[in-house]
Amino acid sequence: MKHSILAISFLVLNLCQSAHAFCGFYVAKADAKLFNEASQVVIVRDENRTALTMFSDYKGEMKDFAIVVPVPEVLTREQINVGDRALIEHLDAFSAPRLVEYFDPDPCAPQMQYDGMQPMSASAGGGMQRGSLKKLDLGVKIEAKYTVGEYDILILSAKESNGLETWLTENGYKIPKGASKALSPYIKQDMKFFVAKVNIKAQEKSGFTYLRPLQFAYESPKFMLPIRLGMVNANGAQDMLVYAITKQGRVETTNYRTVKLPTGMDVPLYVKEKFPDFYRSMFQKSHDKEDKRVVFLEYAWNMSWCDPCAAEPLSGDELRKLGVFWVADQPGTTPIRGRNSPRMKILPMPGTPVEAFITRLHVRYDAEHFPEDLMMQITSDNENFQGRYVLRHPFAGEIKCGKAESYRNEVKTRQQKESETLASLTGWPIEEIVKKVGVPALPPPSKWYKNIFK
């Protein structure tokens, strides 16, 4: 059990939506709950303006919680907020890699083609008591202090890292020993430090049994996430999910490669019951294959629609609460329900895409493979992408034509390929996979004389 944190990860009608649309029944998702100690960050970026929401899965005594995050300026009270965990959970569900399933049509039925359809287009707190802090020394200066919700917050500046580490320890912040090495680069850049711990009395009055996300907004030409501080007290590699929201265009890291997660593969039907195990194994194997030095793209999509929908798109009000300041009220979404895409969402006509493009990045990092903070940029690429894995059910009805044997062979070949794909993605033994897949149980062909006299 951890007793302190130094920076949260830092310190239908058979219609598809376009040539790049996917369709299919959504059946499961790989959300943040699959990963232990996975922090989540929502970063809203437009020009030099950034709104950051940080949520950690901190487990431990609330009195031991401490967070230190480098910030480019002295933040005012208006730049700080306590957010709603449900918003991050909604964003996580919307963008999570997903499992979808298709059902083979009757191989004897005529095949119909469909044209693709293009998508429509708090008041200031009382502050901390002065008597609770020691006299300023060690080159550390309190630039500002606030109580926001259940958090006591300081904005500090420092002249040298050893002094800042000592000051934090002497003033009751439970930070790991040796933190000065990680703090030093930020002090050299003249950055300030957003420092927070839980106000126990305010926490008890709030009625919340968990720590709510912290939010702050600032302006800086640097588009980055400080992750080095989060490695100081880490027992091993950590997972971080970054939900970057821009007006238009995918976000990528510039000092590490951004790699698309393997996607679009057909996998055996039994994966439906083992999807969490499948996804964790697949991600780890992909991580190892890339020498543990890349950031994975798991999702990129305009917020106005989804296909298939693992959760409803966020409303304009929800986006604004996450800091998407440019989004005005948006009309409600209207579901298009059909056999292949029962939960696809588009804006009602006439409609235009919401100016909110979501990029979901997943990074598993440690000090050896990620020695630098994440430097990021907004690209002009607004192509849809999702981590998506497909189950294909064989036709279960009576086959009333001469295609039964050829269809049986087709399914057998397909299932063999699915087994090989699963082994390749996860590293699971192919022999065990083949045993679980078994021989497809297809209906026998209809006798030629069955309906001759009807």
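Biologist: Great. What kind of model is it, and what is its average pLDDT?

Modeller: This is a predicted model. The protein has an average pLDDT of 83, and 80% of the residues score at least 70.

Biologist: Where is the pLDDT below 50?

Modeller: One such stretch is residues 1-6, which has 34 contacts in the model beyond near neighbours in sequence. Residues 330-351 also stay under 50, and there the model has 74 contacts beyond four places in sequence.

Biologist: At what angle do H2 and H3 pack?

Modeller: Helix H2 covers residues 161-170 and helix H3 covers residues 180-188; they pack at about 120°, with their axes 8 Å apart. That angle makes H2 oblique to H3. The crossing is right-handed.

Biologist: Which residues meet there?

Modeller: From H2 you have Ser161, Asn162, Leu164 and Glu165, and they meet Ser180, Leu183, Ser184 and Ile187 of H3. Sorted by class, this contact has three nonpolar, four polar and one charged residues.

Biologist: And how do H7 and H8 cross?

Modeller: The axes of helix H7 (residues 404-426) and helix H8 (residues 430-437) come within 9 Å and cross at roughly 140°.

Biologist: Why is that called oblique?

Modeller: An angle has to be over 145 degrees to count as roughly antiparallel, and H7 and H8 cross at roughly 140°. They are therefore oblique to each other. Their crossing is right-handed.

Biologist: What makes the contact between H7 and H8?

Modeller: H7 brings Gln415, Ser419, Glu420, Leu422 and Ala423, while H8 brings Ile430, Ile433, Val434 and Val437. Those residues divide into six nonpolar, two polar and one charged.

Biologist: Changing topic: is isoleucine 155 buried or exposed?

Modeller: Isoleucine 155 is buried, because its relative accessible area is 0% and anything under 20% counts as buried. You'll find isoleucine 155 in strand S8, residues 151-158.

Biologist: What is isoleucine 155 in contact with?

Modeller: Leaving aside neighbours within four places in sequence, its contacts include Glu73, Val74, Leu75, Tyr146, Lys192, Phe193 and Phe194. Glutamate 143 is another contact of isoleucine 155. Those two residues are twelve apart in sequence and 5.4 Å apart in space, C-alpha to C-alpha.

Biologist: Which residue other than glycine has a positive phi near 55°?

Modeller: That is glutamate 47. Its place is in the loop between strand S2 (38-46) and strand S3 (49-55). Glutamate 47 is exposed, with a relative accessible area of 61%.

Biologist: And what is the phi of aspartate 291?

Modeller: Aspartate 291 has a positive phi of about 60°, although it is not a glycine. Aspartate 291 lies in the loop between helix H5 (275-289) and S16.

Biologist: How accessible is aspartate 291?

Modeller: Its relative accessibility is 43%, so aspartate 291 counts as partly exposed.

Key
Residues numbered from 1 in each chain as written. Predicted model: local features only at pLDDT ≥ 70, side-chain atom pairs only at ≥ 80, totals over all residues. Heavy atoms only, no water. Axes fitted to C-alpha atoms, helices over the stretch in contact; angles between N-to-C directions. Helix = DSSP H or I, 4+ residues; strand = E, 2+ residues; numbered from the N terminus. Parallel < 35°, antiparallel > 145°, perpendicular 65-115°, else oblique. Left-handed = near helix turned anticlockwise from the far one by under 90°. Contact = heavy atoms within 4.5 Å. Nonpolar A, V, L, I, M, F, W, Y, C, P; charged D, E, K, R; others polar. pLDDT = per-residue confidence, 0-100. Buried < 20%, exposed > 50% of the residue type's maximum accessible area, 1.4 Å probe, protein only.
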